[in-house]
Amino acid sequence: MSTTSDLGVVDTRHDLIIETTALRKEFRTRKGQTRVAVQGLDLAVPAGGVHGFLGPNGSGKTTTIRMLLGLAAATSGTMRLFGRPVPDELPAVIGRVGAVVESPKFSPNLTARQNLLLLSRSIGGPDARVDEAIETVGLTGRDGDRFRAYSLGMKQRLAIAATLLKDPALLILDEPTNGLDPAGIREIRDTIRDLGERGVTVLLSSHILAEVQQVCTSATIIGNGRLLASGTVADLLAGGSAYRVDVASPGEARRLLDAAGHTTRPGPDEHSLLVDTEAPAEVTRLLGEAGIWLAGLSAQRQDLESYFLELTADDTLGQATTGGAA
Ligand SMILES: Nc1ncnc2c1ncn2[C@@H]1O[C@H](COP(=O)(O)OP(=O)(O)OP(=O)(O)O)[C@@H](O)[C@H]1O
């Protein structure tokens with residue numbers, strides 16, 4: 001049974017900071033069609049560390065985050081934050097959640113510090129927390145500059161600083177490095193890593209793998225609103241190791257290997273396929289016995305990025321739509 005109280009104690013039964021089950025979101029398009037943005041998503045974010053929420057553009061990340069924060073209604077499914085069902089019990093937990101989903105509004109003529117002081121006082125926070133937040137995001141020394149003179153990267157860091165004013169246990173950042181140059185990306189990345197090391201659970205949504213791989217301890221990969229893979233980054237990388245098989249007829253080879261219980265995927269060209277297996281010799285034997293001769297067999301060592309691209313290759317073409325007018 002739940003151990004939660006009005007103080008927002010974590011439900012120890014789950015020990016998950018974010019949990020969604022069969023989460024679904026449909027939008028009605030102008031043409032009267034139903035666009036399924038999120039379809040049956042099970043998301044499980046453990047306490048502590050930085051969790052990547054990865055998927056190509058349009059895969060449903062922002063929609064999922066908006067539902068978690070009560071900014072959009074789910075069509076069906078359940079969601080929990082700190083073990084509490086949301087949106088029903090969102091008021092009990094929202095004080096522990098910091099989020100940068102859209103660009104927050106700062107006054108351009110006030111300094112960064114003045115902007116933060118205003119925000120902090122509006123939620124009854126101590127002024128000292130403003131200094132802490134400025135230091136955490138690395139804006140010490142620049143906090144006296146007017147907001148309008150800030151670079152995009154500094155604005156993003158200020159947005160993160162604003163979320164820290166309530167000392168959140170969970171920080172949700174939606175594509176925080178969008179539009180930043182490499183130096184700006186590195187600054188944000190360092191800030192996020194630092195926050196994770198301080199014990200804040202961070203959900204970091206991104207479609208850029210290379211940078212996420214360096215920051216995240218665990219990750220969920222989605223495509224077309226569906227879960228494709230989830231686990232520690234190390235597990236995801238291990239799961240991504242595969243063998244490339246070169247044969248004249250990959251379709252036939254895939255059917256055979258699938259029937260034998262292997263998991264296969266299309267290869268990088270028309271005469272290849274990828275197979276996830278611990279036993280490449282078994283693959284050779286199965287194909288050989290069926291008269292399918294291998295022209296090549298090679299282990300594929302992958303980084304998270306190529307694994308991600310491979311997983312989401314079929315999911316970037318468009319969203320599922322049903323019903324309505326053509
Ligand atoms: N208000 C809306 N009305 C109709 N469709 C929407 C609406 N909001 C989002 N969608 C659609 O839902 C799908 C998922 O969009 P979403 O913004 O959640 O993706 P995302 O993964 O955050 O993408 P990005 O990386 O580009 O931000 C897209 O096909 C999008 O067009």
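Guide: Ala, Val, Leu, Ile, Met, Phe, Trp, Tyr, Cys and Pro count as nonpolar, Asp, Glu, Lys and Arg as charged, and the others, Gly among them, as polar. In that scheme, the shell around the ligand has 2 nonpolar, 9 polar and 3 charged residues. Please note that this is a predicted model: local features need pLDDT of at least 70, side-chain atom pairs count only at pLDDT 80 or more, and totals for chains, interfaces and linings use all residues. Residues are numbered from 1 along each chain as its sequence is written.

Visitor: Which residues come nearest to the ligand?
Guide: F27, A37, N57, T62 and T63 come nearest, out of 14 residues around the ligand. A residue is near a molecule or strand if its C-beta atom, placed from the backbone, lies within 6 Å of it.

Visitor: And which element gives the largest share of the shell?
Guide: That is α1, with 3 residues. At least two residues of the shell come from each of β2 (34-46) and α1 (61-68). As for these names, helices (H or I, at least four residues) and strands (E, at least two) are DSSP runs, numbered from the N terminus.

Visitor: New topic. What domains does the protein have?
Guide: The assignment gives domain 1 (16-236) and domain 2 (242-300); such bounds come from an automatic or database domain assignment. The C-alpha centres of domain 1 and domain 2 are 41 Å apart.

Visitor: What is the order of the strands in the open sheet of 4?
Guide: The order is β12-β13-β11-β14, and the pairing is antiparallel. Two strands pair if DSSP finds at least two bridges between them. Because β12 (263-266) and β14 (296-300) stand at the edges with a single partner strand each, one side of each is left without a neighbour in the sheet. From one strand to the next, the twist averages 25°. Axes here are lines fitted to C-alpha atoms, for helices over the stretch in contact, and angles run from 0 to 180 degrees between N-to-C directions.

Visitor: How many bridges link β11 and β13?
Guide: There are 4 bridges between β11 (residues 242-246) and β13 (residues 272-276), which pair in the antiparallel sense. Y243 has V275 of β13 as its bridge partner, and V245 stands opposite L273 in β13.

Visitor: What about β12 and β13?
Guide: They run antiparallel and are joined by 4 bridges. R265 stands opposite L274 in β13. The two strands, β12 and β13, form a hairpin with 5 residues between them.

Visitor: Which strands does α9 lie across?
Guide: Helix α9 (residues 250-259) lies across β11, β12 and β13, and runs at about 15° to β13. Contact between two residues requires that their C-beta atoms, placed from the backbone, lie within 7 Å. Helix α10 (residues 280-289) lies across β11, β13 and β14, at about 25° to β11.

Visitor: At what angle do α9 and α10 pack?
Guide: The angle is about 115°, and the axes of α9 and α10 are 10 Å apart. A253, L256 and L257 of α9 make the contact with V283, L286 and L287 of α10. Of the residues in this contact of α9 with α10, 6 are nonpolar, with no polar and no charged ones.

Visitor: Now for the open sheet of 6 strands: what is its order?
Guide: It reads β6-β7-β8-β3-β9-β10, with mixed pairing. β6 (97-100) and β10 (226-232) are the edge strands, and each pairs on one side only. Neighbouring strands of this sheet are turned by 15° against each other on average, direction ignored. Strands β3 (residues 50-54) and β9 (residues 218-223) pair in the parallel sense over 4 bridges, and F53 has T220 of β9 as its bridge partner.

Visitor: Which strands does α5 touch?
Guide: Helix α5 (residues 152-164) packs on the sheet and touches β6 and β7 (170-174), its direction making about 160° with that of β6. Helix α6 (residues 182-197) also packs on the sheet, touching β3, β7 and β8 (201-206); its direction makes about 150° with that of β8.

Visitor: Finally, the backbone: which residues does a cis peptide bond join?
Guide: The bond joins V86 and P87, with omega about 10°. P87 lies in the loop between β5 (84-86) and α2 (90-93). Most residues other than glycine have a negative phi, and most peptide bonds are trans.

Visitor: Where is A22, and what is its phi?
Guide: A22 lies in strand β1 (residues 16-28). The phi of A22 is near 50°, a positive value in a residue other than glycine.
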